[in-house]
Amino acid sequence: MDLFFDLLRSLIYGVIEGITEWLPISSTGHMILAEQVLKFSFSAEFMEMFRVVIQLGAILAVVVMYFKKLWPFCVDNGRDSGLAKHVRWPVMRLWFKIIVACLPAAVLGLALDDWIDAHFYNSVVVAVMLIVYGIAFILIERRPRVPTTTKLSRITYRQALIVGAWQVLALIPGTSRSGSTIIGGLLCGMSRACASQFTFFLAIPVMAGASGLKLVKFLAGGGVFTVGEIGALLVGCIVAFVVSILAIRFLMDYVKKHTFTAFGWYRIALGIVVLGVWALQTFVLV
């Protein structure tokens, strides 16, 4: 019976991950609230790894949806060989820019991963960052601006580095990786759609690296998977994959006609709720 409920909780986690990873509303903030209700029977070490590795399902959704835009090779159907491959240089240049944007977070993430978890993974920090970035979205969308970059191919290395610098701030829980990079993209002249799509692509190496690091640390620390833990991880990843496809499609359709202001107000409201739950547990339920 415990296994059944753990799989059900994993399914719910997958839904939360699939929605909140791509919308700029902080997956961590939602996970903190979910953890108040969804109590797994697994070890704390497994759950620390599970919260991150479940992102692999979300990453796969981006790869599947944008494979043609991301795959840097094409097949030559000439007479010599139908399997001969040629580099698609516009796609390769996009990958070079993705790598440039990922370098700041990769370096600092490796150096500060455990320290950040120990000092910043708490309800107060998450709530404050939710509110701060919610206000930032509202203020940015209120100022008049004309995007200078509307296509991925027009993104410069300077813009990629600026977005990468903003992605570093997403190491602080509650910031939202997608929220931080979208803000960075908007501030350096990208359109909403362009900033959102670039954010999706940045997630592939960043989230894959973070998931791999957590998995290695779990195994290196003596962690061993039980049948139930494997099942929960698979369910979470599969559900996150399916829901991510729906969330990405929703966001790309949404930004064609709307601003990010609604997400800003949502973040502020969620931050207040997280602070309320923390205050209730700290000062009332003691």
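## Around Trp22

Trp22 is in contact (heavy atoms within 4.5 Å) with Ala58, Ile59, Val62, Arg177, Ser178, Phe200, Ala203, Met207, Ser244, Ala247, Ile248 and Leu251, leaving aside its neighbours within four places in sequence. The model is predicted: local features need pLDDT of at least 70, side-chain atom pairs count only at pLDDT 80 or more, and totals for chains, interfaces and linings use all residues. Residues are numbered from 1 along each chain as its sequence is written, and side-chain values use heavy atoms, with hydrogens and water left out.

## Nonpolar cores

Trp22 also belongs to the largest nonpolar core, which has 43 residues. Trp22, Phe198, Phe200 and Phe201 have the most contacts inside this core. Helix α10 gives the most, with 9 residues. Helices here are DSSP runs (H or I, at least four residues), as are strands (E, at least two), numbered from the N terminus. Another core lies apart from the largest one. It has 16 residues, among them Met31, Ala34, Met47 and Ile54.

## Ile54

Ile54 sits in the loop between α3 (44-53) and α4. Ile54 is buried, with a relative accessible area of 0%. What does Ile54 touch, not counting residues up to four places away in sequence? Its partners are Tyr13, Gly14, Glu17, Leu233, Gly236, Cys237 and Ala240.

Gly209 is 155 residues from Ile54 along the chain. The C-alpha atoms of the two are separated by 13 Å.

## Helix α9

Helix α9 (residues 177-187) is largely enclosed by the rest of the structure, because 10 of its 11 residues are buried. The buried residues are Arg177, Ser178, Gly179, Ser180, Thr181, Ile182, Ile183, Gly184, Gly185 and Leu186. They pack against α7, α8 (157-169) and α10. Just after α9, Gly189 takes a positive phi of about 100°.

## Salt bridges

Side chains of opposite charge can pair when their charged atoms come close. A salt bridge is a side-chain nitrogen of Lys or Arg within 4 Å of a carboxyl oxygen of Asp or Glu. The whole structure holds 5 of them. Asp6 forms one with Arg9, with the closest N and O atoms 2.9 Å apart. These two residues are 3 apart in helix α1 (residues 2-20), so about one helical turn separates them. Asp6 is buried, at 2% relative accessible area.

Glu141 and Arg192 form another, at 2.9 Å from N to O. Glu141 lies in helix α7 (residues 123-142) and Arg192 in helix α10 (residues 192-220), so the pair ties together parts that are 51 residues apart in sequence. Glu141 counts as buried, at 12% relative accessibility. Arg192 counts as partly exposed, at 24%. Lys256 pairs with Asp253, and here the closest N and O atoms are 3.8 Å apart. Lys256 is exposed, with a relative accessible area of 63%. Asp253 is partly exposed, at 48%.

## Cysteines

A disulfide is a covalent bond between the sulfur atoms of two cysteines. The cut-off used here is a pair of cysteine sulfur atoms within 2.5 Å. How many disulfides does the structure hold? The count is 0.

The sulfur of Cys188 is 8.7 Å from the closest cysteine sulfur, in Cys194, which is too far for a bond. Cys237 is in no disulfide either, and the nearest cysteine sulfur, that of Cys102, is 20 Å away. Cys188 counts as buried, at 12% relative accessibility. Cys237 counts as buried too, at 16%.

## A nonpolar surface patch

Phe67, Trp71, Phe73, Val87, Trp89, Phe96, Ile99, Leu103 and Tyr157 make a nonpolar surface patch of about 850 Å². Patches are made of residues with over 30% relative accessible area and no salt bridge; like charges are joined within 9 Å, and nonpolar side chains (Val, Leu, Ile, Met, Phe, Trp, Tyr) within 5 Å. Accessible areas come from the Shrake-Rupley method with a 1.4 Å probe; for residues, only the protein chains shown count as cover.

Helix α6 (residues 89-120) gives the most to the patch, with 4 residues. Leu103 is found in helix α6. Leu103 is partly exposed, with a relative accessible area of 47%.

Terms used. Buried means under 20% relative accessible area, exposed over 50%, partly exposed in between (1.4 Å probe, protein chains only). A nonpolar core is a set of buried Ala, Val, Leu, Ile, Met, Phe, Trp, Tyr and Cys residues joined through side-chain atoms within 4.5 Å.
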